[in-house]
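Q: Hey, I'm new to this one. Can you walk me through it?

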Amino acid sequence: MMIKETYDKSRVINFSDAVFSIVMTLLILEVGVPTISEINTQPFRSVLSARIPDFIGLFVSFMVSALYWMGHIKLMRYVSVISGRLLWINIFFLLAIVILPFSTAMYINGFDQAGPFIFYCINLSVIGFFNIVMLRYVFHSEKQLSGFTRLRYRWYRARGLNVMIVWVIAGVVAISMPSLSRFIFLLLFVVQFVIDRRFKKKLSVTS
């Protein structure tokens, strides 16, 4: 009988946290720092307004990264053993996260163009895809051991699908309506609020 190789859960979690913290910190580097001459020769309001796209990109990417990080923390509570397959799913998930500062920079530098924003949306959709793959794997391998109930799995899956679908929609809309597509991410927070409220009510009834 072949023995499945497993890995230290704490090391995997610590490594994942480190990747998230580095990526979320690197995002600030995409906000262009004004030069002394720029500050001295232009009104400060103009200096700041020129960087509005930078701050939008920072805010959106930071908040989305934070949502995925929080989801990763919650999911790992139900993992008893890190198998080789789960390790590789987590690695590809983190790879998509690592690309985020690059896609954010492209989005910021080409703020008025559809192409860079579509690439950004693809990056975020891929992150969402691997997040859902990881959720599904953990549920089917751990539900008998960790108390990861079907209702809780459906809750986390709904949150993950929300993020992925919203970015797919934003990327598609950007092809014909680039300006409108920039605001579609706001649906993330509205839909997540509705999802959380619905499933928290169901969990309170079953508990």
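A: A cavity, on a 1 Å grid over the protein atoms alone, is a set of points where a 1.4 Å probe fits but cannot get out, and its lining residues have an atom within 4 Å of a point. This is a predicted model, where local features need pLDDT of at least 70, side-chain atom pairs count only at pLDDT 80 or more, and totals for chains, interfaces and linings use all residues. Residues are numbered from 1 along each chain as its sequence is written, and side-chain values use heavy atoms, with hydrogens and water left out.

Q: OK, how many helices and strands are there in the chain?
A: The chain has 10 helices and two strands. From the N terminus on, they run β-α-α-α-α-β-α-α-α-α-α-α.

Q: And what does the C-alpha trace span?
A: About 70 × 35 × 30 Å along its principal axes.

Q: Back to cavities: how many of 30 Å³ or more?
A: The count is one. The space in the largest cavity is about 180 Å³, a volume being the space filled by probe spheres set on the points, with grid points joined across faces, edges and corners.

Q: Which residues lie nearest its centre?
A: Leu-67, Gly-71, Asn-131, Tyr-156 and Arg-159, out of 13 lining residues. Two or more lining residues come from each of α4 (52-76), α7 (114-146) and α8 (150-176).

Q: Which element gives the largest share of that lining?
A: That's α4, with six residues.

Q: Switching topic: what share of the chain is buried?
A: Of its 207 residues, 43% are buried, meaning under 20% relative accessible area; exposed is over 50%, and partly exposed is in between (1.4 Å probe, protein chains only).

Q: Where does Ile-165 lie?
A: In helix α8.

Q: Is Ile-165 buried, exposed or partly exposed, then?
A: Partly exposed, because its relative accessible area is 42%.

Q: How far is Ile-165 from Trp-69?
A: They sit 96 residues apart in sequence and 18 Å apart in space, C-alpha to C-alpha.

Q: What about Leu-95?
A: Leu-95 is in helix α5, and its relative accessible area of 46% makes it partly exposed.

Notes
1 Å grid on protein atoms, 1.4 Å probe; cavity = no way out; pocket = protein on both sides within 12 Å on 5 of 7 lines; lining within 4 Å. Helix = DSSP H or I, 4+ residues; strand = E, 2+ residues; numbered from the N terminus.
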